[in-house]
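Me: I have a model open and want to go through its packing. Can you take my questions one by one?

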Amino acid sequence: MKKWVTGTFAAASIFALTACGSDNSAGEIEESEDGEPVELIVGASNVPHAEILEQAQPLLEEEGVDLVIETYQDYVLPNQDLDAGEIHANYFQHVPYLESQNADEELGYDLANAGGIHIEPIGVYSKKYDTLDELPDGAEIIMSNSVADHGRILTMLEAEGLIKLDPEVDKTVAEISDVQENPKNLEFVADVEASLLVQLYENEEGDAVLINSNYAIDAGLNPIEDSIAREDEDSPYVNVIAVNSGDEENEAVQKLVEVLTSEEIQDFILEEWEGSVVPVSGE
């Protein structure tokens, strides 16, 4: 399986580098003058982020903000382009991922959380088993290579009774090495690009696959009906609007967050995804 994953990851990386992101430099966010609309370029994952932004476009137009949406299919380029000034903001990542990106000295990012919008509970999917209890001894569990997601995945598996983590570890940053009890001798495969997880599930790789809801929904899966287990809706992994530090006070950015956390948009999220995506207050 690992040979297949490596080859596919390379192809996916080339596609992401050539097919995603903005072609034009966004520059600094302009302030409104004489009632003219302000252009705000926001990078987003296709689902649900870009779809939510599309619902917000007419509302923002009424507030004098011309929202331009740039779609991405990976978790790397949106922050690269934001840091480089190719876009003004992005909407794809949760707080621990944003914090881990800022903490990476090699990246050198200084990004800020402008406001929380929604939560996407991670689900466990399997073509072979209908419940977690059915997983056999030595079951292969496939998960994203995003270290920022490992803590939430392991915490969910602990809550389901499959493992026990070191009680001294901060669960938001837990790693596989922090698993102290593993009665079913689960084998974790944690070197897979997140965008490939659905394909591995469809190919019946492993015994269970942990898939982020945005990728599941984008591939036509229903996280509520198709998953055999799902992260609690009170997950702290809130997806946020991220900007370069200092831009969180920009008027257009604040209007974006206000609209996305408005009753109209939150009702849309609830009606459209029926619990697969959960809105938050943004506070």
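Predicted model: local features only at pLDDT ≥ 70, side-chain atom pairs only at ≥ 80, totals over all residues.

Me: Now helix packing. At what angle do H2 and H10 cross?

Reply: Their axes cross at roughly 140° and come within 10 Å; H2 spans residues 46-62 and H10 residues 263-273. That makes the two helices oblique to each other.

Me: Left-handed or right-handed, that crossing of H2 and H10?

Reply: The crossing is right-handed.

Me: Which residues meet there, H2 against H10?

Reply: On the H2 side they are Val-47, Pro-48, Glu-51, Ile-52, Gln-55, Ala-56 and Leu-59. H10 brings Glu-264, Ile-265, Phe-268, Ile-269, Glu-272 and Trp-273. Sorted by class, this contact has nine nonpolar, one polar and three charged residues.

Me: H2 also packs on H9. What is the angle there?

Reply: About 115°, with the axes 10 Å apart; H9 covers residues 251-260. H2 and H9 are therefore roughly perpendicular. H2 passes H9 in a right-handed crossing.

Me: Which side chains are involved between H2 and H9?

Reply: Ile-52, Leu-53, Ala-56, Leu-59 and Leu-60 of H2 meet Lys-255, Leu-256, Val-259 and Leu-260 of H9. The class count for this contact is eight nonpolar, no polar and one charged.

Me: Change of topic: H4. Which of its residues are buried?

Reply: Pro-96, Tyr-97, Leu-98 and Gln-101 are buried in H4, which runs over residues 95-103.

Me: What do those buried residues of H4 pack against?

Reply: They pack against helices H3 (77-84) and H5 (147-159), and against strands E3 (89-94), E4 (111-119) and E12.

Me: Stay with E12. Where does Asn-244 sit?

Reply: Asn-244 is in strand E12, which covers residues 238-244.

Me: Which polar contact does the side chain of Asn-244 make?

Reply: A polar atom of the Asn-244 side chain lies 2.8 Å from the backbone oxygen of Leu-82.

Me: And what else is Asn-244 in contact with?

Reply: Setting aside neighbours within four places in sequence, Asn-244 is in contact with Leu-82, Asp-83, Asp-110, Leu-111 and Ala-112.

How values were computed: Residues numbered from 1 in each chain as written. Heavy atoms only, no water. Axes fitted to C-alpha atoms, helices over the stretch in contact; angles between N-to-C directions. Helix = DSSP H or I, 4+ residues; strand = E, 2+ residues; numbered from the N terminus. Parallel < 35°, antiparallel > 145°, perpendicular 65-115°, else oblique. Left-handed = near helix turned anticlockwise from the far one by under 90°. Contact = heavy atoms within 4.5 Å. Nonpolar A, V, L, I, M, F, W, Y, C, P; charged D, E, K, R; others polar. Polar contact = N/O pair within 3.5 Å; in protein donor to acceptor, adjacent residues only side chain to side chain. Buried < 20%, exposed > 50% of the residue type's maximum accessible area, 1.4 Å probe, protein only.
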